[in-house]
Amino acid sequence: MAATTPPKVIFEHEGVFIHSNTEELEDQDSLISGYLRIVDKDGETVVEYKPLEDTVDPSNMLCACKDSSSVVEWTQRPHRTVDQQLSYETEWDMVNAVSFKRKAHTNGEGGSNHLNERNKGAFSFNVADLRSVTVKCEGWSYLIFCLKDDTTLPAIHFHQGGSQAFLDGLRKSVQLTESPDDENILLVGAYSKAFSQSFENLLDDTNYGLVQKFKKDPYTTTLGGFSKVTNYFFDAFRPSESECQQRPVEEMADILGELIPGLEINQQEEPGFEVITRVDLGTRPEVQRREPVMMEDWAKHQDSEGRVSNVPHLKHLIFKGGLCHAVRKDAWKFLLDYYPWDSTHEERKNLQKRKTDEYFRMKLQWKSVSEEQEKRNSRLRDYKSLIEKDVNRTDRTNKFYEGLDNPGLILLHDILMTYCMYDFDLGYVQGMSDLLSPILYVMENEVDAFWCFVSFMDQMHENFEEQMQGMKTQLIQLSTLLRLLDLAFWNYLEAQDSGYLYFCFRWLLIRFKRELHFQDVLRLWEVMWTGLPCHNFHLLVCCAILDSEKQKIMDRHYGFNEILKHINELSMKLDIEEILIKSEAIYMQIKNCKDLPNSVSDILGLNAVTNDSTLETSEYGVLESPQSSPRPAHRQDQAYSNGHGLLQEASHNRCKVAFIS
C-alpha cells in the first residue's frame, strides 16, 4: 500500500467559538472555544473544527488574525458592507496575525460531519460536500456551513477576527460566489485542479531554498566570534606603547561595525584618584535555595479582585526558588512592570486593551510604508535587514522556533520592527533578538511579549546605545567587585592583560542568554527581575562564575587567549542553581563586611544615604569628598577605566576613586 502524504495545513485559526446556548451569549459556559483549520489530506480539502484544551503545545503554531499576533502580509480584500467594515473583526483587518495553537481534544479524529457531545462540538467535512456558506455580522462575524446533504452545522463565531482570512483560505480550493437571492450567502463551486496546483507551486517554490538554508545553519551567535569582540576591546583599551601589537584601526572598525554598529571606545585621561587597599571580607556564609513558586503559592498572594498582596514576600520566594513554568506567563508581567502589582483583574483587562490598540497603531506605521517610501528611508531599511538576518537564526534549535516557516520567527520579526517605531533613536541592535526570544516563548502573545520586552529594554537600554557606555560601566564595576573579592586573581588577570574582563562582555550584553540552557535563562532572569537582593545582582553572578573557574585559570597559567577560549567554552556547561547559590553567598559576604569601600556599596546599592557634610577615610583607604553625592539613577553618570582600575567620571569637582595595584 502506498504511503500517504502528510496533511498540509492551508489555514488555521485559534479563538473561534460555538455558542452552545444562543440565548446566553454572556455566559462563558455557553461558549465552546476551539480552532478552525483547512487541511489538504491526500488531495482532498477538509475543514475541521476542534475545541481547545488549556495546555499549550509550542510545536504547533498557526497563522490567524488580530487576536494576539503578528503582521504577515498585506492582502487584497473584497468589497465589504459598511456594517462589516465597522465590526471589531475589521478594526485591524489589514494586519494578518500569528498565534499559538492549543492542543485539540483527541476525541473524534474520524470525519464526523455532526456535533458529538463527547467531542464538545468537534466536526469536520470535505469541501466537496459543502453547498454554501452564510456570512453574517452582529458585532463580530460568524459563518454557517450548509452541506449538500442539507446538514446545517452550528454557527462558527469569530469574536477575535479571522473570518475573512478563513474565506480567503477556502477560496484556494473552491469558488465562492454571491447568491443572487441573498447577498449574505456564498455558493460553493469547484475550481480547475490544474489551476489550483499551478498557483500553489508559484507560492511554494520561490522561498523554499532560502528557508532551507536557515534550517541548515542553526542560530548559535548573533554577535559574531567571541574572540573578535574581546580582542577589539583589548586593542582599544590597552596602552599604545607597542603599535605592532595592536590591530589596524580599519580592521577593528570592520569587526565592530559588523558586530555592534556604532560602538566606539574613548580613552580619557582622568587625573586624581585615591588608593583602596585589601579588604578582609570574612567567611562566606552557606545559602539554601527553595522550590519554585507554584500555582497555589501564586494564587494565595491574590485577593478576590486580583490584587497581588504581600509583594515583598512574594518577590523573596521568587528570588529564592524561581517560578514554575505555569506561573510565568502571569508573573513575568508583574515582574517586568507591565501589570501594576496592585491592579485588579478588570484594570488589567482594560490596560491590555489599551496596550493592544497602542501596539497595533505602531505596528501599522511600518507595515504601511510603501516600497517607494522605504527606498528613501535608509535607517528603516537597515533596521529591517538586520532584524531579518538575526531573527532567522534566533534559537532555531529550540522547539518553539525550529522548522521551516515557523510563525514564532514572524512574531520575533514583527515585535522587533514595531520596537523600532517605539524607540526609533535606538532602533534595532544585534543582540536584542536574544532578549526578546525567551519573553515571547513564555508569553505566547505578541502584544504582551512586546510590552514586557519594552520594560526589559528599559533596563538594558544602555547596553545597546551607540557609545556602549553602559557596557563600559558594567565592565569597570565588575572589575571593582572582583578585585574586592579576590585580589590575587584580579592581579593575575591584570598581568595577563585581562583586567578589563573583556571575556565577560557577552555575559553582560545579553544577560547570560548564550551561556545557559534556555530553561536556565528563564530561571535566572525571573530571579534578577525581583530586584533582590541588591542592585546589579547580575555582576555578582559574573563573580560567582569566575570564582568557580579562577583556580583552573591560574593553575594552568592561562594567558590572554587561553582565558578567552576557556570562558567561551563554558557556554551551556553552567549549573544555574549552583551559580545562584554562590552569587547570593557572595552578596551576604559583602553585606556582612562592616567597612566596605564606598564605591562597592554604590555599585550594589548598599548605601541608602551618603553623608555629604564630612570627609571620611575608612581603614580600607576610601576617601570621599564633601562634594560627593549619591549616584543618581540617570544616564549622565559615566565610568571609565584608566588601564589599572576604576575611574568614576562625575560632575565638576568630585574626587576620583581608583584601585591601584
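Colleague: How do I read burial here: is Phe450 buried or exposed?

Modeller: Buried means under 20% relative accessible area, exposed over 50%, and partly exposed in between, with a 1.4 Å probe and protein chains only. Phe450 has a relative accessible area of 0%, so this residue is buried. Bear in mind that this is a predicted model: local features need pLDDT of at least 70, side-chain atom pairs count only at pLDDT 80 or more, and totals for chains, interfaces and linings use all residues. Residues are numbered from 1 along each chain as its sequence is written, and side-chain values use heavy atoms, leaving out hydrogens and water.

Colleague: And how many aromatic pairs does the structure hold?

Modeller: Rings of Phe, Tyr and Trp (its six-membered ring) pair if their centres lie within 6.5 Å; planes under 30 degrees apart are stacked, over 60 edge-to-face, the rest tilted. The structure holds 29 such pairs. Tyr419 and Phe453 are edge-to-face, 5.2 Å centre to centre with 70° between the planes. Tyr419 lies in helix 12 (residues 407–422) and Phe453 in helix 14 (residues 446–464), so their pair ties together parts 34 residues apart in sequence. Helices here are DSSP runs (H or I, at least four residues), numbered from the N terminus.

Colleague: Where does Phe450 come in, and which residue is its partner?

Modeller: Tyr422 and Phe450 are also an edge-to-face pair, at 6.0 Å centre to centre and 85° between the planes. Tyr422 in helix 12 and Phe450 in helix 14 are 28 residues apart. Tyr422, at 33% relative accessibility, counts as partly exposed.

Colleague: Which residue lies over the face of Trp451?

Modeller: A charge sits over a ring if NZ of Lys or CZ of Arg is within 6 Å of the ring centre and within 35 degrees of the ring normal. Lys355 lies over Trp451, 4.0 Å from the ring centre.

Key: Helix = DSSP H or I, 4+ residues; strand = E, 2+ residues; numbered from the N terminus.
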